[in-house]
Amino acid sequence: MRRRGKRGKVNVSDSQNLPPYLKADKQANGGYMPFKRIFSLNDVCIFLYLFPLRIVSTILPLKIIRHMGSLLGHTYGSLLMNRRKRIREKLTLIFKDSMTREEINILSYQSMRSAVSAYTDALIANRIGKHDLLKYGSIKGQENVESALSLKKGVILVSGHFCGDVVASRFLRAIGMPILFVTKTKSFDPEKSLLENKYLKPYWSKVFNQFQEDNIFIEDADFGLKIIKHLRENGLVSIKLDAPFSKHLIECSFFGTKYFFPANFLKISFLTGAPIVPMLCTGNSASFEISFERMVELQEVSNKDEFISVNLNKLVKILESQILRYPSHWLFIARNSTQILTN
Amino acid sequence: MNLSSRENTKDRISKVIIRDLQLNLREDEISHIKKLDDLFGMDSVAVIELIIGLEKEFNIAIQPGYLDYQIFRDLDALTDFINKLVSVKKGSDSSS
């Protein structure tokens, strides 16, 4: 429950499960989270997406929805110059050694388009039947998952936020892969408006989470039990490496900058012996590919903290290589919080 | 199940909790806490450490079907559950 505080600040209870970097902000503000504005242009976009677009998408042909998504992507990438500028600045921070200014400019535009396309796919994904999913999608490296599953310890799939994620998860469910997708309900973000934090985000979670029965939420009290149960049943657990919302975050070098990464999944691997397989989902609902890379050769050390530190760096390098191969497919826009990316 | 055996199991569970979750508490403090999720927040790793620690301590294997939140959040329910598993194991060991 959130109660209204004085203007410019909102009282956020601990049940919001704030990530550690925001908890520090909350403490510094005497239990109140600051927010920048009451209302923003972004709220209009979210409102249009949640209501007219989502409702219309239940009856329109898929082709038309995709065209609408493409059109919105162009509009979004071209009109929201401030946002694009912020993305460009952060992309420059990440790709400073490997891309020219012009390439980064194009990438910032593509990144915004990919984000819109991913949102459109979230509307489409619930309407695509199994037959069509199999027609539009393909899997590469399934033998890598099977080899990891043969160890009978379950498998932890590690990936970043890429634009093919939504349809890929539907595809994997459709072919009967026993996957749990680790996610979180949308929590308070001081960069966003009060309207978004207080009304739009909770509604968003309510609308979209009801379709995803295989999602498990880090806020759930039985989250850990569900994970170990699923791993012991030789199932797969999918986590996002570029989502800094774990209770245990570790700072790692990421494209030469500092970034916080979740570490609890490595502790789970250390404790249960579950192997880790990198996954990458690219494309969109019209054509997508899921790649499973070879099982990561985790360096075996007896100390848990050392195990995490050594192997997390290895996984971050794999994520970097995936991003460099598919920079425009990476949903950088979802990871653009200034609190987590520093010089 | 007699009372002393139950208390003994409870003490051993408390030891596992302190040792494996590295809590700065005494055993008697834990036995007064009814709801374990109040103690360590039932975070993903803590509960996994507890399960693995209990399996080692009591030399048992907890099957996935028994990994139930209602059991693991309550110290009394957990004590009864572990006692049951231990006696089943003793029974199967003696019959074989």
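**Notes on the model**

1. T282(A) has E289(A) as its bridge partner in β12(A). The two strands concerned, β11 (residues 276–284) and β12 (residues 287–292) of chain A, run antiparallel and are joined by 6 bridges. Strands are taken as paired when DSSP finds at least two bridges between them. Helices (H or I, at least four residues) and strands (E, at least two) are DSSP runs, numbered from the N terminus.

2. On conventions: this is a predicted model, in which local features need pLDDT of at least 70 and side-chain atom pairs count only at pLDDT 80 or more, while totals for chains, interfaces and linings use all residues. Residues are numbered from 1 along each chain as its sequence is written, and chains are lettered from A and ligands numbered from 1 in the order in which they are written.

3. β11(A) and β12(A) belong to an open sheet of 7 strands in chain A, ordered β4-β12-β11-β5-β8-β6-β7, with mixed pairing. At the edges are β4 (137–140) and β7 (215–217) of chain A, each with a single partner strand, so one side of each has no neighbour in the sheet. Direction ignored, neighbouring strands are turned against each other by 25 degrees on average.

4. Within that sheet, strand β8 (residues 236–240) of chain A runs parallel to β5 (residues 155–159) of chain A, with 5 bridges between them. One of the pairs sets S159(A) against K240(A). β8(A) also pairs with β6 (residues 179–183) of chain A, again in the parallel sense, over 3 bridges; here L180(A) stands opposite V237(A).

5. Is β8(A) mostly covered or mostly uncovered? It is mostly covered, as 5 of its 5 residues are buried. A residue is buried if 20 or more other C-beta atoms lie within 10 Å of its own, exposed if 12 or fewer, and partly exposed in between, with C-beta atoms placed from the backbone. Both faces of β8(A) are covered: L236(A), S238(A) and K240(A) are buried on one side, V237(A) and I239(A) on the other.

6. Two packed helices are described by the angle between their axes and the distance between the axes. The axes are lines fitted to C-alpha atoms, for helices over the stretch in contact, and angles run from 0 to 180 degrees between N-to-C directions. Angles under 35 degrees count as roughly parallel, over 145 as roughly antiparallel, 65 to 115 as roughly perpendicular and the rest as oblique.

7. Helix α4 (residues 81–95) and helix α5 (residues 101–125) of chain A pack at about 120 degrees with axes 9 Å apart, and are therefore oblique to each other. Ala, Val, Leu, Ile, Met, Phe, Trp, Tyr, Cys and Pro count as nonpolar, Asp, Glu, Lys and Arg as charged, and the others, Gly among them, as polar.

8. The axes of α3 (residues 62–79) of chain A and α5(A) come within 8 Å and cross at roughly 150 degrees, so the two helices are roughly antiparallel. This crossing is right-handed. By class, the contact of α3(A) with α5(A) has 10 nonpolar, 6 polar and 2 charged residues.

9. α5(A) also packs against α8 (residues 165–174) of chain A, at about 30 degrees with axes 8 Å apart, which makes them roughly parallel. A118(A), D121(A), A122(A) and A125(A) of α5(A) meet V166(A), V167(A) and R170(A) of α8(A). Of these residues, 5 are nonpolar, none polar and 2 charged.

10. Between the chains, 15 residues of chain B are in contact with 16 residues of chain A, contact meaning C-beta atoms, placed from the backbone, within 7 Å. On the chain B side, α4 (44–58) and α5 (69–72) each supply at least two residues. α4(B) gives the most, with 8 residues. The chain B side divides into 11 nonpolar, 1 polar and 3 charged residues.

11. L75(B) lies in helix α6 (residues 75–95) of chain B. L75(B) is buried, because 20 other C-beta atoms lie within 10 Å. Not counting residues up to four places away in sequence, L75(B) touches K10(B), I13(B), I33(B), K34(B) and L36(B).

Notes:
Contact = placed C-beta atoms within 7 Å. Left-handed = near helix turned anticlockwise from the far one by under 90°.
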